[in-house]
Amino acid sequence: MTPVRPDARTLIDTFLDPGTWVSWDEPPADPADPAAPGSGYAEELAAARAKTGYDESVISGEGLLEGRRVAIVACEFSFMAGSIGVAAAERLTSAVERATAEGLPLLAAPASGGTRMQEGAVAFVQMVKITAAVAAHRAAGLPYVVYLRHPTTGGVFASWGSLGHVTAAEPGALIGFLGPRVFESLHGYPFPEGVQVSENLFAHGLVDAVVSAQDARGIAVRALAVLCAPRAGLDPGEEPDGRIPAIEAWDAISRSRRDDRPGVRALLKLGASDVTPLHGTGVGENDPGLILALARFGEAPAVVLGQDRRHQRIDAPLGPAGLRVARRGMHLASELGLPLVTVIDTAGAALSKAAEEGGLAAEIARSLADLVMLDAPTVCLLLGEGAGGAALALLPADRVLCAQHGWLSPLSPEGASALLYRSVDFAPEIAAAQGVRSTDLRGNGLVDRIIPEFPDAAYEPEAFCVRVARTLEHEIAGLLSQAPADRLAARLARYRRLGTG
């Protein structure tokens with residue numbers, strides 16, 4: 001059974017609060033040639049307007065989304081297959097520019113076959129000006145949320161359809177660069193099934209969610225609650241509790257490896273609000289061991305990068321794709337001026353042919369470089385295991401927090417023992433000697449604050465996650481009160497003086 005898909009006006013009514021839609025559209029100015037009166041194209045335009053009740057393939061305007069003023073642009077596929085000519089592009093570009101000028105988040109809902117062939121090269125190059133307008137909107141630090149609908153192909157998908165900070169897609173939607181009908185006509189055989197489908201794009205980390213229009217509204221509401229959250233004047237609250245009972249290094253390591261210890265998913269579920277999971281790199285890769293999400297800890301908004309130890313054990317150790325997912329999050333935080341929270345919980349990076357050929361070492365280096373120079377506030381949380389380069393890649397931050405039983409080491413203690421003694425039997429002694437536990441890390445200036453466990457996070461998962469979230473809110477609020485240049489200078493000075501006394 002063919003699914004019923006909303007037209008542009010129905011979609012906008014689904015997204016926006018009832019009765020709040022206000023159109024921004026002026027009557028389109030048709031190109032004089034080849035749409036001159038009496039031409040075949042002019043007749044097509046007139047027929048499309050009479051049949052669909054739309055005057056062009058795009059409508060634009062504004063409204064309220066859970067009381068928040070937003071701009072919205074949407075394609076109408078029934079109007080000449082949603083194709084973009086000069087008039088539609090001008091309407092789109094003007095709407096994006098107005099949203100930017102008025103400081104509004106922008107929602108985009110493309111559904112298009114791409115460029116309007118009747119207008120040729122001039123229509124084709126309109127994608128450049130639309131893209132430039134979207135890029136300027138993003139450069140202004142304003143959110144851009146995309147909902148890809150059935151079908152979205154060609155130049156539309158290859159321009160403003162693929163530039164969202166957050167991107168969702170309609171279930172079962174045809175989404176791809178070259179339309180399957182064109183491919184078959186050119187090559188004489190059909191395009192492989194199941195490739196240009198929204199669910200396959202999700203599997204490959206190209207979209208963040210595959211949801212109905214109603215659920216896409218919910219994603220937009222939650223995402224904008226974080227992306228548009230106030231950054232100034234946050235109350236840091238009371239200083240978090242810092243009581244830390246003494247514990248041996250190997251005991252802490254053993255506790256950090258418990259299967260029932262809360263990880264980053266539990267932290268987001270029990271300690272955060274307005275959580276919007278993002279999926280993959282956006283350029284064709286995903287790693288289940290690295291969680292990327294928008295969230296709020298108390299009133300403090302953040303982009304969250306979290307290593308999911310459980311999925312690293314079940315699926316695969318963290319690889320280069322996971323670090324590219326992390327770098328997507330760093331770029332997002334930088335562009336939107338959002339605080340970044342990194343969560344370290346890893347037994348170590350992947351050791352494999354695929355990881356080496358995929359550029360694991362280079363991705364660790366790029367993550368380090370991006371993170372240490374990031375112009376957004378940064379907080380690192382050592383939540384549990386912290387072994388090797390995979391942990392180091394998410395470490396350099398303005399403030400580093402550590403759970404009581406978290407730890408950090410150049411290798412796992414077993415790996416260090418094997419390296420030094422050709423046996424894993426000396427792991428407990430090496431862990432003690434290397435100063436890997438939270439109190440040692442604080443004493444050496446690697447950690448700023450230890451978050452206590454009473455007596456173990458596994459025994460008090462909700463209370464622990466709430467405690468962590470409260471500490472994150474406190475630290476983020478403090479960082480947001482600092483001048484960005486001073487914050488970056490302090491971060492660089494911190495790492496420059498490490499180990500020099």
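The lining of the largest cavity consists of 14 nonpolar residues, with no polar and no charged ones; here Ala, Val, Leu, Ile, Met, Phe, Trp, Tyr, Cys and Pro count as nonpolar, Asp, Glu, Lys and Arg as charged, and the others, including Gly, as polar. The structure is a predicted model, in which local features require pLDDT of at least 70 and side-chain atom pairs pLDDT 80 or more, while totals for chains, interfaces and linings draw on all residues. Residue numbers start from 1 along each chain as its sequence is written, and side-chain values use heavy atoms, with hydrogens and water left out.

Rolling a probe the size of a water molecule over the atoms shows where empty space is left. On a 1 Å grid over the protein atoms alone, a cavity is a set of points where a 1.4 Å probe fits but cannot get out, whereas a pocket is an open set with protein on both sides within 12 Å along at least five of seven lines; a lining residue has an atom within 4 Å of a point. Grid points are joined across faces, edges and corners, and the volume is the space filled by probe spheres set on the points. The search of the whole structure returned 1 cavity of 30 Å³ or more. The volume of the largest cavity is about 80 Å³. Of its 14 lining residues, Phe15, Val145, Val146, Tyr147 and Ala216 are the closest to the centre. At least two lining residues come from each of α1 (8-15), β4 (106-109), β5 (144-148), β7 (166-169) and α9 (213-227); helices (H or I, at least four residues) and strands (E, at least two) are DSSP runs numbered from the N terminus.

The largest pocket has a volume of about 640 Å³. It is lined by 24 residues, of which Gly113, Gly114, Thr115, Thr153 and Val182 are the closest to its centre. This lining divides into 12 nonpolar, 10 polar and 2 charged residues. Helices α4 (120-124), α6 (154-157) and α7 (180-187) each supply at least two of the lining residues, and α7 gives the most, with 3.

An open sheet of mixed pairing is formed by 7 strands in the order β10-β11-β12-β13-β14-β15-β16, where two strands pair if DSSP finds at least two bridges between them. Strands β10 (273-278) and β16 (449-451) stand at the edges with a single partner strand each, so one side of each has no neighbour in the sheet. Neighbouring strands of the sheet are turned against each other by 25° on average, direction ignored; the axes are lines fitted to C-alpha atoms, and angles between N-to-C directions run from 0 to 180 degrees. The pairing of β10 with β11 (residues 290-297) is antiparallel and spans 4 bridges. Within this pairing, Thr276 has Leu294 of β11 as its bridge partner.

Strand β10 also contains Asp274, a residue other than glycine with a positive phi near 50°. Asp274 is partly exposed, at a relative accessible area of 22% (buried means under 20%, exposed over 50%, partly exposed in between; 1.4 Å probe, protein chains only). Ala81, likewise not a glycine, has a positive phi of about 55°. Ala81 lies in the loop between β3 (68-75) and α3 (86-101) and is partly exposed, with a relative accessible area of 33%.
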